[in-house]
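Trainee: I am new to this structure and would like a close look at a single part. Please take me through the salt bridges.

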Amino acid sequence: MDSVEKTTNRSEQKSRKFLKSLIRKQPQELLLVIGTGVSAAVAPGIPALCSWRSCIEAVIEAAEQLEVLHPGDVAEFRRKVTKDRDLLVVAHDLIRKMSPDCLMEIFDNLEQHIQNPLVLQSILGLMERGTMVLTTNYDNLLEIFGQQQNKPMESLDLKDKTKVLQWARGHIRYGVLHIHGLYTDPCGMVLDPSGYKDVTQDPEVMEVLQNLYRTKSFLFVGCGETLRDQIFQALFLYSLPNKVDLEHYMVVLKESEDHFFKHQADMLLHGIKVVSYGDCFDYFPGYVQDLAVQICKQRSPGNACQDCAKRKLEENGVEVSKKPRQSDDAGGS
């Protein structure tokens, strides 16, 4: 029975169709937004990576075992995680009260838990060709895997203005921007926009970041609640008019027809086209792999355009204008 199901799954994946407007994008036209779904697919053995709720529950459990959170607080947070709808607020309150040791406890030795690197390999392939990456995740699974492949991966957060500007301008090809911070620096973890006032009130940084949302096609992968994320909203959405005219994409699980098509209609108001990878999470890694392959195949027609695209990929750490004549080595072509 299992072999029959696997064969069926493979045939469904092979016959899957992708939006032409998405697969015709060149990799450097995309900005990949990675959510908890990616971590859950890569390291299913760590429940804390599966969702915000799972992460909060794991932190509470660690805090209780390490005796770094008052029993009354433990009970209160357990109540909130089952009843409160806005889990980001719950996570923010929990992080302010807990010891940094809790995160180190639940995310320890991540490299030993990478079971299914297919999604990471696909993302890395896109990065090699110029796709930018940001994440709402605390973990650095992508960076760990990239380093194992001898790529100069770099974890970035919003508190380093210089690095953020370099990343946003395309100067750090293997940089991953963690908009909530990274578990390895618990003091730098932020879930509320007030923690990033230096960023949101800096015209230079905000203009560069919001320009990305205007000029790149964001591809949301493994993201459930990213559009409700207050930090993501503050960075990219608040001051952008006419979002309906933009062209972004979100890959989601189709849990039900009604929910999916309502979500699809709602997201179009933000300029986001919602596509489904299927009705089962098991389809997710294969879908991402096939999608990445399709995108990486789509090179501009004509030798001149291909040469231009190649130059852009080879110029690591150099801001490249859209006009080939401004490229450092354009004179030699």
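**Salt bridges**

Mentor: At 24% relative accessibility, lysine 254 counts as partly exposed. This is a value from a predicted model. Lysine 254 forms a salt bridge with glutamate 257, and their closest N and O atoms are 4.0 Å apart.

Another of them joins the side chains of lysine 25 and glutamate 247, with 2.7 Å from N to O. This pair links distant parts of the chain, 222 residues apart. Lysine 25 sits in the loop between α2 and β1, and glutamate 247 in the loop between α13 (230–237) and β6 (248–253). Lysine 25 has 13% relative accessibility, so this residue counts as buried, whereas glutamate 247, at 28%, counts as partly exposed.

A further salt bridge runs between glutamate 204 and lysine 161, where the closest N and O atoms are 3.3 Å apart. Glutamate 204 lies in helix α12 (residues 203–215) and lysine 161 in helix α10 (residues 161–168), so the pair ties together parts that are 43 residues apart in sequence. Glutamate 204 is partly exposed at 35% relative accessibility, and lysine 161 is partly exposed at 36%.

To return to the whole set, salt bridges that share partners join Lys161, Arg169, Asp202 and Glu204 into one network. As background, side chains of opposite charge can pair when their charged atoms come close.

Terms used:
Residues are numbered from 1 along each chain as its sequence is written. This is a predicted model: local features need pLDDT of at least 70, side-chain atom pairs count only at pLDDT 80 or more; totals for chains, interfaces and linings use all residues. Side-chain values use heavy atoms; hydrogens and water are left out. Helices (H or I, at least four residues) and strands (E, at least two) are DSSP runs, numbered from the N terminus. Buried means under 20% relative accessible area, exposed over 50%, partly exposed in between (1.4 Å probe, protein chains only).
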